[in-house]
Amino acid sequence: MADEPLVHEMLRDAEQAEEPGNMKIGTPIGNANGIQMTATELRSAGYVYVYNVRTGDRSTVNRNMLEQQLQKTFEDGTYAFTTRKPEGLEPSKGKIKCMLHADDPNREKYNSMGLPVCRKANIVASHDLRIHMEKRHRREWATINGDEIQKEKQRELERQDNLAEAIRLLAEREAPRSSGNNQNRGKGNG
Ligand SMILES: [Zn+2]
């Protein structure tokens, strides 16, 4: 297979990460850490994995940013990231599903909006989810966000209405002071 040397060279330097929106076409050629990779994905060479040397947590970095990422240090000056999976450190397994996952509570709505399904279900933190959405589903994320912004505006308007209403009621209750001692006779119970 003509791809073999190229593949091995790349795997030696850094593990290849899925590229945003990459369709899994082509024949599977390798399986590193449970990630099925195809020749197509490897050849496109866009993203690689880096590991936090202390936690073992894995993140995805654009190749253009890789050098910069590897320059980052902890407070004590030691390098924070490596492209080699740290031995003896199990990365914390995420359980957060992509917002475009088939199990998402908003799936029906997303279907009606024509948004695709994503199978990613091992996102560690909500912060990572946002990054995943921004990187892998930029357009869909903007669509979802636009919808959320719209809803938030609506909620804000309703909050303001409620507040205005509450202030009005309070003002009304405060106003009729002239009616003398107003004892609470609501529950005359003998
Ligand atoms: Zn996704």
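**Close-up views of the predicted model**

View 1. Leaving aside residues within four places in sequence, Leu89 makes contact with Thr55 and Gly56. This view, like the others, shows a predicted model. Leu89 is found in the loop that links β6 (81-82) to α4 (107-112). Although Leu89 and Gly56 are 33 residues apart along the chain, their C-alpha atoms are separated by 5.3 Å. Leu89 has 14 C-beta neighbours inside 10 Å and therefore counts as partly exposed.

View 2. Strand β4 (residues 47-52) pairs with strand β5 (residues 58-62) in the antiparallel sense, over five bridges. Within this pairing, Tyr47 has Asn62 of β5 as its bridge partner, and Val50 is bridged to Ser59 of β5. The two strands form a hairpin with five residues between them. In the turn, Gly56 adopts a positive phi of about 80 degrees; Gly56 is also one of the contacts of Leu89. Strand β4 is joined to β6 as well, by two bridges in an antiparallel arrangement. There, Asn52 has Phe81 of β6 as its bridge partner.

**View 3. The largest nonpolar core.** Seven residues make up this core: Cys98, Met99, Leu100, Tyr110, Leu115, Ile123 and Met133. In soluble globular proteins, nonpolar side chains tend to be buried together. Not counting residues up to four places away in sequence, Leu100 touches Tyr110, Leu115, Pro116, Val117, Cys118, His137 and Glu140. Tyr110 and Leu115 are themselves members of the core. Across the protein chain, 12% of the 190 residues count as buried.

**View 4. His137 between two helices.** His137 is placed in the loop between α5 (126-136) and α6. Is this residue buried or exposed? His137 counts as buried because it has 21 C-beta neighbours inside 10 Å, where the threshold is 20 or more. Beyond residues up to four places away in sequence, His137 touches Leu100 and Cys118. His137 and Leu115 lie 22 residues apart in sequence, with 9.5 Å between their C-alpha atoms.

**View 5. Helix α6.** This helix spans residues 138-174 and has 37 residues. From its first C-alpha to its last, α6 reaches 53 Å, close to the 54 Å expected at 1.5 Å a residue. The number of buried residues in α6 is one out of 37, so the helix lies largely in the open.

**View 6. The whole chain and the confidence of the model.** The protein chain contains six helices and six strands, which follow one another from the N terminus as α-β-β-β-α-β-β-α-β-α-α-α. Of the contacts with a separation of 6 or more, 48% are accounted for by residues 24 or more positions apart. The mean pLDDT of the chain is 74, and 67% of its residues reach 70 or more. Where pLDDT is low, the predicted coordinates should not be read in detail.

Key: Residues numbered from 1 in each chain as written. Helix = DSSP H or I, 4+ residues; strand = E, 2+ residues; numbered from the N terminus. Expected span 1.5 Å × (residues − 1). Core = buried A, V, L, I, M, F, W, Y, C linked by C-beta atoms within 7 Å. Contact = placed C-beta atoms within 7 Å. pLDDT = per-residue confidence, 0-100. Pairing = 2+ DSSP bridges.
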